[in-house]
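Here are my notes on this model, for you to read with the structure open.

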Amino acid sequence: MSKRDYYEILGVSKGASESEIKKAYRKKAIEFHPDKNPGDKVAEEKFKEAAEAYEILSDGDKRAKYDQYGHAAFDGAGGFGGHHMNMDDIFSQFGDIFGSAFGGGFGGFGGGGGQRRAKGSNLRIKVKLTLEEIAAGVEKKVKVKRKVQAQGVSYKTCSTCNGSGQVVKIANTILGRMQTASPCPTCGGLGEMIDKKPAGADAQGMILEEDTVSIKIPAGVVDGMQLKVSGKGNDAPGNGIPGDLIVAIEEVEHPTLKREGENLHFDLYISYPEAILGASKEIDTVTGKVRIKLDEGIQSGKILRLKGKGIPSLNSYGSGDMLVHINVWTPKNLSKEQKKFFEENLENPNFSPNPEKSEKSFFEKVKDMFS
């Protein structure tokens, strides 16, 4: 089942401002909040769906990528990223947006504060891809050093908050006695503290371990794009939520092909005899070598279009094209006999430039190339 458009989920236009998006999300989040819809699974899914849409559209960079590539910019072909947010993710990231709608903020699933689950920090890596890998899609196995909970770590109830995750303060004001609740400063709102930890573990009971992560990268990604592998970042203490692995794509320059969006460009240099007599040439593409036929009398500057030999589109079906630019190579060193041949043919009408009306100018060719 395909995902719904993020703008449609929040009920805003593609040109909506940041404040309009925030206002729309707050309205949807309050409408489908679990405290207002206890036990309603449909409302819970809509609540998560709205949070996922807001996570993307409230971030300028993510929104720009979504506008250009749609869901494929984040989900990829193998469950990449996915933004399958759980309730703890939503409340930890966007809890303050509800203001006092439900009695003042949230600390976890179900509202009303209380214990919260910590989330581990994200890890970031770069993955280098060749044009061939980008065209086909690829699965990469990378080694990352992650913080994981050490074996033998045990926890005890926080003595400051007695496991509630909150401390309550009462103050006398002009309006009377006011009670406020805030996350426990001792345990950070977790409700528990480390009791025992093995040697070598840090203050949070974590150790560094090398892990091999398999990353399925869809065809058509672009340089600079970031993809997310959920749960493959650093672990969090206690019963926390692991962070994510953020994968930045780095495109390796190809020795003969130049990429322009989904299209590829290739400069093919041919000799005068080949241009005059015609030739069969083997050239590189991202899917292997292909042989093309050059007609007799082919002109320098002609562009041959190989349909579908470019890069697959991330956001739709089909692939771009490969544009072969013909360049007739002028020899710089000729023998006396060779020079004599051309001298004798300087006035020959067959060698005089005589472009036909069907021959397009350079600017017309460029225009056609980008149309």
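**Notes on the model**

1. Contacts first: 65% of the contacts in the chain with a separation of 6 or more are between residues 24 or more positions apart, a contact being heavy atoms within 4.5 Å. Keep in mind that this is a predicted model, where local features need pLDDT of at least 70, side-chain atom pairs count only at pLDDT 80 or more, and totals for chains, interfaces and linings use all residues. Residues are numbered from 1 along each chain as its sequence is written, and side-chain values use heavy atoms, with hydrogens and water left out.

2. On the overall make-up, the chain has 10 helices and 15 strands; these are DSSP runs numbered from the N terminus, with helices (H or I) of at least four residues and strands (E) of at least two. Of its 371 residues, 38% count as buried. Here buried means under 20% relative accessible area, exposed over 50%, and partly exposed in between, using a 1.4 Å probe and protein chains only. The accessible surface comes to about 22200 Å², with 50% of it belonging to carbon and sulfur atoms; the areas are from the Shrake-Rupley method with a 1.4 Å probe, and for residues only the protein chains shown count as cover.

3. Now the sheet of 4 strands. It is open, with mixed pairing and the order β10-β11-β15-β14; two strands pair if DSSP finds at least two bridges between them. β10 (257-260) and β14 (303-306) are at the edges with a single partner strand each, so one side of each has no neighbour in the sheet. From one strand to the next the twist averages 25°, taken between axes that are lines fitted to C-alpha atoms, with angles from 0 to 180 degrees between N-to-C directions.

4. Walking across that sheet, β10 and β11 (residues 263-270) run antiparallel and are joined by 4 bridges, with R259 partnered by L264 in β11. Their hairpin has 2 residues between the strands, and G261 takes a positive phi near 65° there. β11 then runs parallel to β15, with 7 bridges joining them, and F266 is opposite V324 in β15. Finally, β14 is antiparallel to β15 (residues 322-328) over 4 bridges, where I303 faces H325 of β15.

5. There is also an open sheet of 3 strands with mixed pairing, in the order β1-β9-β8. Its edge strands, β1 (123-129) and β8 (226-229), each pair on one side only. Ignoring direction, neighbouring strands in this sheet are turned by 30° against each other on average. β8 pairs with β9 (residues 245-251) in the antiparallel sense over 4 bridges, and Q226 has A248 in β9 as its bridge partner.

6. Helix α4 (residues 60-69) is worth a look for its two faces. Its buried residues are R63, Y66 and Y69. They cover an arc of only 155° around the axis, which puts them on the same side of α4; the arc is that of the directions from the helix axis to the C-beta atoms. Exposed G60, D61 and Q68 are on the face turned away from the buried side.

7. Both ends of α4 have something to check. At the N-terminal end D59 is the cap, with a side-chain oxygen 3.0 Å from the backbone nitrogen of D61. Just after the helix, G70 takes a positive phi of about 70°.

8. Last, E52 in helix α3 (residues 41-57). E52 counts as buried at 10% relative accessibility. The side chains of E52 and Y6 are joined by a polar contact of 2.7 Å; such a contact is a pair of N or O atoms within 3.5 Å, and within protein one must be able to donate a hydrogen and the other to accept it, while residues adjacent in sequence count only if both atoms are side-chain atoms.
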